[in-house]
Amino acid sequence: MKKLFISLPMEGLTKEEIKNNMYKLKNQAEEILGEPLELLDTYIEETPPSDTITNGLWYICKSLLLLSKANYVYFAKDWYKHKGCIIEHEAVLNYAPNSNLKIISEE
């Protein structure tokens with residue numbers, strides 16, 4: 001089964017809201033693509049190690065590791081307004097331009 005990475009704004013949302021948004025977008029992606037997909041869960045519950053100086057960098061690195069496993073990436077509405085999503089988008093454009101990674105975007 002192909003894997004789906006969802007890049008979505010999470011700031012100000014609860015865990016439940018984030019998870020609900022992910023599953024909604026997963027269902028939309030399956031409708032668009034016409035195939036079942038395995039969701040790569042991008043909600044990172046781990047806490048950065050105590051020697052981490054910049055938590056944001058630690059989280060985006062974890063996210064990019066997940067992105068490297070994806071066949072599809074879905075950029076949710078307003079992704080371009082959020083720095084984590086922008087970094088994920090730039091990573092796809094710059095590090096996977098000739099791969100089979102396919103992009104879906106709400107905008």
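The model is predicted. Helices H2 and H3 come within 11 Å of each other, axis to axis.

**Helix pair H2 and H3**
- H2 spans residues 55-67, and H3 spans residues 83-95.
- Their axes cross at roughly 40°. H2 therefore counts as oblique to H3.
- The crossing of H2 past H3 is right-handed.
- On the H2 side, the contact is made by Ile60, Ser63, Leu64 and Leu67. On the H3 side, Gly84, Ile87, Glu88, Ala91 and Val92 meet them.
- Six of these contact residues are nonpolar, two are polar and one is charged.

**Largest pocket**
- Its lining comprises 25 residues.
- Met10, Tyr59, Ile60, Gly84 and Cys85 lie nearest the centre of this pocket.
- Ile60 and Gly84 also belong to the contact of H2 with H3.
- Strand S1 (2-7) gives at least two residues to the lining, as do H2 and H3 each.
- The lining divides into 14 nonpolar, seven polar and four charged residues.

**Second largest pocket**
- Leu8, Pro9, Asn21, Lys24 and Leu25 are among the residues that line this pocket.
- Ala76, Lys77, Asp78, His82 and Glu106 are also part of that lining.
- By class, the lining of the second largest pocket has four nonpolar, two polar and four charged residues.

Note on methods. Residues numbered from 1 in each chain as written. Predicted model: local features only at pLDDT ≥ 70, side-chain atom pairs only at ≥ 80, totals over all residues. Heavy atoms only, no water. Axes fitted to C-alpha atoms, helices over the stretch in contact; angles between N-to-C directions. Helix = DSSP H or I, 4+ residues; strand = E, 2+ residues; numbered from the N terminus. Parallel < 35°, antiparallel > 145°, perpendicular 65-115°, else oblique. Left-handed = near helix turned anticlockwise from the far one by under 90°. Contact = heavy atoms within 4.5 Å. Nonpolar A, V, L, I, M, F, W, Y, C, P; charged D, E, K, R; others polar. 1 Å grid on protein atoms, 1.4 Å probe; cavity = no way out; pocket = protein on both sides within 12 Å on 5 of 7 lines; lining within 4 Å.
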